[in-house]
Amino acid sequence: MEEEQNPSQSVSSRGNIVKYRDRWKYMFDQLCLYKAKNGHCLVPYKYAQNKPLGTWVQCQRELYKKKEPCLDSSHRIQKLNEIGFVWNAREHLWMK
């Protein structure tokens with residue numbers, strides 16, 4: 001019986017690295033679940049219920065700000081925009 005891989009972990013118990021795009025999709029899906037529950041995409045950096053999600057959201061913002069190639073994919077940016085992703089949380093909260 002083959003052990004099922006948990007995509008939330010960057011390395012499985014067998015030592016196989018989960019491909020970045022698979023992890024990105026998994027974390028995007030986690031963000032969609034968060035939004036469905038909370039009505040927004042403003043995941044706190046130190047979100048106790050899902051610490052990796054808070055870190056991932058912050059990382060997406062930093063990559064976007066730096067125009068890093070791994071987030072340069074217009075498809076990923078578009079997907080985040082479609083769900084109402086906030087690229088600058090401080091500015092967004094200040095404007096409210």
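Predicted model: local features only at pLDDT ≥ 70, side-chain atom pairs only at ≥ 80, totals over all residues.
Me: What is the mean pLDDT of the protein, and how many of its residues, in percent, reach 70 or more?

Reply: The mean is 79, and 68% of the residues reach 70 or more. The scale of this confidence runs from 0 to 100.

Me: What pattern does the protein follow along the sequence?

Reply: It reads α-α-α-α. There are four helices and zero strands.

Me: What makes the span of α2 close to the expected one?

Reply: The 16 residues of α2 reach 23 Å from the first C-alpha to the last, and 22 Å is expected at 1.5 Å a residue. Just after this helix, K67 takes a positive phi of about 55 degrees.

Me: Which residues of α2 are buried?

Reply: L53, G54, W56, V57, Q60, R61 and L63 are buried in α2. Over the whole protein, buried residues make up 30% of the 96 residues. The protein exposes about 7,200 Å², of which carbon and sulfur atoms supply 51%.

Me: Why is W56 called buried?

Reply: Buried means under 20% relative accessible area. W56 has 8% relative accessibility, so it counts as buried. W24, at 3%, counts as buried too.

Me: What makes the pair of W24 and W56 edge-to-face?

Reply: Two rings pair if their centres lie within 6.5 Å, and planes over 60 degrees apart count as edge-to-face. For W24 and W56 the centres are 5.6 Å apart and the planes stand at 65 degrees, which makes this aromatic pair edge-to-face. W24 belongs to helix α1 and W56 to helix α2, so the pair ties together parts that are 32 residues apart in sequence. Ring pairs link W24, F28 and W56 into a cluster.

Me: How many aromatic pairs does the structure hold?

Reply: It holds five. One of them is the pair of W24 and W56.

Me: Why is the pair of Y34 and Y47 called edge-to-face?

Reply: The ring centres of Y34 and Y47 are 5.1 Å apart and the planes are at 90 degrees, so the pair is edge-to-face. Y34 sits in helix α1 and Y47 in the loop between α1 and α2, so that the pair links distant parts of the chain, 13 residues apart. Both Y34 and Y47 are buried.

Me: Which residues touch the most other members of the largest nonpolar core?

Reply: L31, V43, L53, W56, V57, L80 and F85 do, in a core of 16 residues. Helices α1 (20-38), α2 (51-66) and α3 (74-82) each supply at least two residues of this core. With five residues, α1 gives the most. In soluble globular proteins, nonpolar side chains tend to be buried together.

Me: Why does H40 count as partly exposed?

Reply: Partly exposed lies between the limits of under 20% for buried and over 50% for exposed. H40 has 30% relative accessibility, so it counts as partly exposed. H40 is found in the loop between α1 and α2. Not counting residues up to four places away in sequence, H40 touches Y34 and K35.

Me: Is I83 buried or exposed, and why?

Reply: At 14% relative accessibility, I83 counts as buried, because buried means under 20%. I83 lies in the loop between α3 and α4 (89-95).

Me: Which residues does I83 touch, not counting those up to four places away in sequence?

Reply: I83 touches F28, L31, C32, K35 and C41. C32 is 51 residues from I83 along the chain, and their C-alpha atoms are separated by 7.4 Å. H40 and I83 are 43 residues apart in sequence and 8.6 Å apart in space, C-alpha to C-alpha.

Me: How do you know that R76 is buried?

Reply: R76 has a relative accessible area of 12%, and the cut-off for buried is under 20%, so R76 is buried. R76 lies in helix α3. From R76 to F28 there are 48 residues in sequence and 9.2 Å in space, C-alpha to C-alpha.

Me: What percentage of the contacts between residues at least 6 apart in sequence join residues at least 24 apart?

Reply: In the protein, 43% of these contacts do.

Terms used: Residues numbered from 1 in each chain as written. Heavy atoms only, no water. Buried < 20%, exposed > 50% of the residue type's maximum accessible area, 1.4 Å probe, protein only. Contact = heavy atoms within 4.5 Å. Areas by Shrake-Rupley, 256 points an atom, 1.4 Å probe, with all protein chains shown as cover. Core = buried A, V, L, I, M, F, W, Y, C linked by side-chain atoms within 4.5 Å. Phe/Tyr/Trp six-rings, centres within 6.5 Å; stacked < 30°, edge-to-face > 60°. pLDDT = per-residue confidence, 0-100. Expected span 1.5 Å × (residues − 1).
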